Amino acid sequence: MVKLYDGGVYLIDGKEIIPEAEAAGIEALTGEAAVKEEAIKGTIAYSIMEAHNTSGGMDNLKLKFDAMVSHDITYVGIIQTAKASGIERFPIPYVLTNCHNSLCAVGGTINEDDHMFGLSAAKKYGGIYVPPHIAVIHQYMREMHAGCGRMILGSDSHTRYGALGTMAIGEGGGELVKQLLEDTYDVAYPGVVAVYLDGKPNPGVGPQDIALAIIGAVFKKGYVKNKVMEFVGPGIAAMPTDFRNGIDVMTTETTCLSSVWKTDEDTKAFLALHGREEDYQELNPSKTAYYDGCVYVDLSTIKPMIALPFHPSNTYEIDALNDNLGDILREVEKEAGKISGGRAGFTLTDKIVGGKLRVQQGIIAGCAGGNYTNIIEAAHMLKGKSCGAGEFSLSVYPSSQPVFMDLTRKGMVADLMEAGAVIRTAFCGPCFGAGDTPCHNGLSVRHTTRNFPNREGSKPGNGQMSAVALMDARSIAATAANGGVLTSATQYSCWGDVPEYRFDKAAYERRVYQGFGQGEGSKGLVYGPNIKDWPNMSPLADNILLKVCSKIMDEVTTTDELIPSGETSSFRSNPLGLAEFTLSRRDPDYVKRSKEVHRLETARVKGKDMAALEPELETVFAAIQKIPGQEKVRVQEIEAGSMIYANKPGDGSAREQAASCQRVIGGLANITREYATKRYRSNVINWGMIPFQTKDTLDFEVGDYIYVPGVREALNGDLKDIRAYVVKGGDVKEMTLYVADMTEEEREIVKAGCLINYNKNRRGL
């Protein structure tokens with residue numbers, strides 16, 4: 001059972017939940033009346049944020065982090081941006097892992113070229129470099145950097161180490177650049193929601209089951225959006241820390257800002273096992289703590305779960321799905337048809353054989369699935385059994401070399417291999433579409449983090465489509481034991497016998513470059529031929545003309561739709577090369593439209609007449625000059641750029657490329673109803689685009705123009721009522737835009753044209 005409380009709650013002694021409406025009864029329990037303003041300060045999250053805040057007040061935070069981490073899809077762009085902004089050294093531990101572009105085959109030498117760039121940056125600026133196949137990003141940080149009361153910032157959305165008492169946040173690269181330049185992460189004080197865990201998980205129920213149950217309950221309601229999830233309650237003690245980590249990493253899929261858990265002796269033991277007992281401190285809420293909401297979870301009621309395509313919130317109990325296969329799967333097929341746009345067929349009901357669902361692939365991998373406990377349980381399930389010689393296959397990716405080593409020493413790897421599983425090294429590929437892509441029309445069940453469209457590597461535009469369902473490693477192993485027939489782990493009774501883990505950091509000592517505080521500034525960066533600098537971007541003009549280059553009416557648009565993951569990651573270090581893939585799986589003509597607008601703007605900057613290059617603009621400019629107050633505006637005073645409309649963009653990855661790819665080919669603004677996540681909106685701002693929103697009727701289509709006069713002046717104002725005009729040929733219709741709160745720095749970044757320009761301006765570069 002997962003229950004969401006209406007309104008705020010008080011937590012008394014970490015045990016008793018009192019709804020805010022019943023606060024008058026708290027005095028009888030504690031001897032003191034509850035004072036909300038003081039109780040707000042009683043959360044674990046408050047104390048951690050207060051310790052890292054430099055603003056002097058808690059309403060608007062300016063946070064400095066203890067460490068940062070990036071992987072090889074994101075760190076090149078971050079370092080390039082920081083270099084252009086005048087960086088001389090890494091001021092805090094900055095870990096560069098190589099777990100996304102680990103396969104150095106696609107695209108020739110370019111993936112390994114990125115790795116050499118990363119190593120050279122670690123040597124030059126004083127960083128920590130983790131080579132390919134040694135560890136996935138979040139497992140390394142759990143093992144070597146997360147600690148109680150700390151804050152860590154990462155350029156991956158699943159930067160979550162809350163089960164170790166660390167508040168970690170996944171953001172776009174621009175926010176990491178700010179920390180590298182010793183600036184701050186600026187955010188209004190977020191709400192804090194209690195996740196009260198009660199009871200004990202049943203045998204066969206794993207961390208993914210609990211996480212999916214929570215995600216299914218909160219995501220569509222926006223219950224924890226941009227808030228901190230604080231895990232409390234007696235149920236925490238029923239789970240070892242390695243198990244808790246598997247729940248915690250999935251909090252990203254709720255759209256929360258961060259997470260943190262109360263800590264205990266098991267947390268201490270985990271840190272001590274990894275040689276870091278000094279990083280432990282007991283974290284508990286105060287005697288009376290106030291939360292902006294509460295998610296109550298009775299762990300004993302959670303059953304094995306599955307999240308069907310195409311979102312982690314599309315959740316069902318496996319047994320309930322098996323009882324209603326036809327009806328449920330037909331709904332997923334309808335969604336598949338919308339996603340493919342008729343370019344590829346995808347069916348699920350044809351996989352019902354004898355009343356059972358047959359899947360084609362199983363994967364246990366990454367920061368969620370590749371943990372020691374999960375793989376041990378899977379090995380116990382499959383010992384002496386067979387995955388079969390049919391279409392079903394199983395791949396297992398331990399999350400780090402130390403985990404792999406201990407599994408090998410205990411014989412678990414041999415047990416899995418004897419059953420027919422393929423064992424691979426630490427790699428995040430199956431999570432974002434760059435490894436183990438199933439066959440066309442195939443269904444893969446995965447203990448990874450996401451099952452968005454095309455995250456498994458398919459290409460609907462080429463007529464190829466497959467899909468992913470998320471499940472726990474235990475049920476995946478049970479399914480494998482049945483040759484690919486979807487099976488709940490509770491059908492078996494082999495669970496719970498997990499031997500003590502032995503951590504051996506020898507692989508880290510011998511392969512990880514530990515350079516923090518040892519930067520050699522005279523050393524050069526090693527560039528491969530695909531690593532390109534960011535192109536120049538112009539400052540914002542007084543007036544802007546936006547051409548509508550895409551209009552997406554889906555309920556939610558993920559960052560994977562804005563810029564696809566998978567094989568495109570080979571171009572992450574080449575801004576213009578990567579930009580060619582923007583919206584390629586959602587609106588294939590967007591790039592051509594946007595580049596055409598960018599061509600006109602480039603001509604304007606050079607002093608040329610845009611209207612002479614694009615005849616339709618003569619009519620558009622004539623219409624603009626009929627707007628009151630715009631009679632004397634000159635064409636050269638109007639900056640042209642492309643615009644994307646989406647109802648709710650930005651769910652998913654923190655990758656800044658979802659915004660930078662728009663910008664480098666002419667993007668100047670987004671218009672939305674709301675932004676799905678703070679991190680995507682931050683990316684839009686840091687790349688110099690205006691994060692417009694509107695409540696108006698959408699009286700524009702692709703190809704129309706939206707004129708916004710006096711936009712720089714508007715950015716100096718309250719941002720609440722920005723006058724704009726839809727221009728269709730010679731017709732003009734007024735509309736109202738607004739921008740949610742922006743800090744003074746964010747306003748200046750947009751006016752400068754991007755974060756790079758802003759930093760250059762203030763440093764006199």
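In what order do the 6 strands of the open sheet lie, and what is the pairing? The order is 9-8-5-6-7-25, and the pairing is mixed; strands and helices here are DSSP runs numbered from the N terminus, with at least two residues (E) for a strand and at least four (H or I) for a helix, and two strands count as paired if DSSP finds at least two bridges between them. This is a predicted model, in which local features need pLDDT of at least 70 and side-chain atom pairs count only at pLDDT 80 or more, whereas totals for chains, interfaces and linings use all residues. Residues are numbered from 1 along each chain as its sequence is written, and side-chain values use heavy atoms, with hydrogens and water left out.

At the edges of this sheet stand strand 9 (167-170) and strand 25 (513-514), each of which has a single partner strand, so one side of each is left without a neighbour in the sheet.

Helix 4 (residues 75-84) lies across strand 5 (67-70), strand 6 and strand 7, and runs at about 140° to strand 6; contact means heavy atoms within 4.5 Å, while axes are lines fitted to C-alpha atoms, for helices over the stretch in contact, and angles run from 0 to 180 degrees between N-to-C directions. Helix 4 is mostly covered, with 8 of its 10 residues buried, namely Y75, V76, G77, I78, I79, Q80, T81 and A82. These buried residues pack against strand 5, strand 6 and strand 7, and also against helix 5 (110-125), helix 7 (173-180) and helix 29 (755-763). Just after helix 4, G86 takes a positive phi of about 95°.

A second open sheet is formed by 5 strands in the order 1-15-11-12-13, again with mixed pairing. Its edge strands are strand 1 (2-4) and strand 13 (258-261), each pairing on one side only, and the twist averages 20° from one strand to the next. Within this sheet, strand 11 (residues 192-198) and strand 12 (residues 228-232) pair in the parallel sense over 5 bridges, and E230 in strand 12 is the bridge partner of A194.

Helix 8 lies across strand 1, strand 11, strand 12 and strand 15 (293-298), and runs at about 35° to strand 1. Two packed helices are described by the angle between their axes and the distance between the axes. For helix 8 (residues 207-218) and helix 9 (residues 241-248), the axes come within 8 Å and cross at roughly 35°. In this contact, P207, I210 and A211 of helix 8 meet F243, G246 and I247 of helix 9. By class, the contact has 5 nonpolar, 1 polar and no charged residues, where Ala, Val, Leu, Ile, Met, Phe, Trp, Tyr, Cys and Pro count as nonpolar, Asp, Glu, Lys and Arg as charged, and the others, Gly among them, as polar.

Elsewhere in the chain, strand 33 (residues 722-728) and strand 34 (residues 731-737) pair in the antiparallel sense over 7 bridges, with I722 opposite L737 in strand 34. The hairpin of these strands has 2 residues between them, and G729 takes a positive phi near 60° there.

Taken as a whole, the protein chain has 29 helices and 34 strands. Buried residues make up 65% of its 765 residues, and along the principal axes its C-alpha trace spans about 80 × 65 × 60 Å.

Notes
Buried means under 20% relative accessible area, exposed over 50%, partly exposed in between (1.4 Å probe, protein chains only).
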